[in-house]
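Dear colleague,

Please find below the structure that I am handing over to you. A summary of the findings follows it.

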Amino acid sequence: MNTPKVVLITGGGRGIGAATARLFARHHYAECINYKTNSETATKLADDIIANGGKCITVKADVAQETNVRRLFDTIDQTLGRLSVLVNNAGIIKKQMRLEEMNAERINTIFINNVTSYFLCCREAIKHMSTRHGGVGGVIVNVSSGAARSGSPNEYIDYAASKGAIDTLTKGLSLEVAAEGIRVNCVRPGLIYTDMHADGGEPGRIERLKDKIPLQRGGLAEEVAEAIYWLATEKSSFSTGNYIDVTGGL
Ligand code: NAP
């Protein structure tokens, strides 16, 4: 049997990351599911994948912290082998508020978790994948948000701006590493049913907004996972620096 490709999914224990992990497992990838605090959901998911014949490890690591990120990538190297795919998915939002109510601590927390983390994971992935560093290439998929385009006024402009940074990261990095065997693309989900909206203080947010979505409903994590998976595979071999919106037409 061929050696399985190795994928790292940051924030893979819940929500969109978990749906993505289940999809890659069905396609026989060896997986690293990263999480920050919620070991129960990540471990349960990994157990299910392993029970179905998959290869999977979980690594607790705060990807906003440089030493944690180095340890995460070293662990993958030592236990699963050479990384082929990075899915940068971990992200947070804070309670809805207008910009004039935001303090520096909140804004910095959003940016370190949603932007610095993606930069650090991209950096380590490139060191493992780039032909410039003796690698054989690979793929990075960044999970941004439709908020990068809408700006999320009255809710969380800080979050929206952090996702705008991910769109720019995707473009710049895709060009920087295009000749080194690495493709870098981006998926921008819209309103997707996960726990994230409760973290923003409004668990029922999608119900409030769904009439504004042209397809008249919220999206499923599994629908986002399909776009991530397509960008991670050879099916999208001529795409880099591109964005797939999974927003129901918003
Ligand atoms: P979620 O259900 O809240 O899950 C977030 C995941 O990220 C959790 O596994 C969490 O770990 C992990 N995480 C957060 N900060 C981390 C850190 N510093 N280090 C490691 N892991 C960390 O969120 P989701 O809705 O699936 O969102 C996934 C991605 O999609 C995010 O980037 C989000 O911005 C984006 N997105 C979501 C929506 C939506 O409507 N849901 C829309 C657009 C974009 P723990 O489980 O340990 O807490």
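The structure holds 17 salt bridges, a salt bridge being a side-chain nitrogen of Lys or Arg within 4 Å of a carboxyl oxygen of Asp or Glu. Please note that this is a predicted model, in which local features need pLDDT of at least 70 and side-chain atom pairs count only at pLDDT 80 or more, while totals for chains, interfaces and linings use all residues. Residues are numbered from 1 along each chain as its sequence is written, and side-chain values use heavy atoms, with hydrogens and water left out.

One of the salt bridges joins Glu66 to Arg70, with the closest N and O atoms 3.8 Å apart. Both residues belong to helix 3 (residues 66-79), where they are four residues apart, about one turn of the helix. Helices (H or I, at least four residues) and strands (E, at least two) are DSSP runs, numbered from the N terminus. Glu66 has 35% relative accessibility and therefore counts as partly exposed; this class lies between buried (under 20% relative accessible area) and exposed (over 50%), with a 1.4 Å probe and protein chains only. Arg70, at 38%, is likewise partly exposed.

A second example is the salt bridge between Asp245 and Arg149 (3.5 Å, N to O). Asp245 lies in strand 7 (residues 243-246) and Arg149 in helix 5 (residues 147-150), so this pair ties together parts that are 96 residues apart in sequence. Glu207 and Lys210 also form a salt bridge, at 2.9 Å from N to O. Through shared partners, salt bridges join Glu66, Arg70, Arg123, Glu124 and Lys127 into one network.

I turn now to the ligand. Of the 32 residues around the ligand, Thr37, Asn38, Asn89, Tyr159 and Thr194 come nearest; a residue is counted as near if one of its heavy atoms lies within 4 Å. By class, this shell has 13 nonpolar, 14 polar and five charged residues. Here Ala, Val, Leu, Ile, Met, Phe, Trp, Tyr, Cys and Pro count as nonpolar, Asp, Glu, Lys and Arg as charged, and the others, Gly among them, as polar.

A backbone N or O atom of Ile16 lies 2.8 Å from a ligand oxygen atom, and a polar side-chain atom of Asp62 is 2.9 Å from a ligand nitrogen atom. The protein covers 96% of the 900 Å² of accessible area that the ligand has on its own, as computed by the Shrake-Rupley method with a 1.4 Å probe.

Yours sincerely

How values were computed: Polar contact = N/O pair within 3.5 Å; in protein donor to acceptor, adjacent residues only side chain to side chain.
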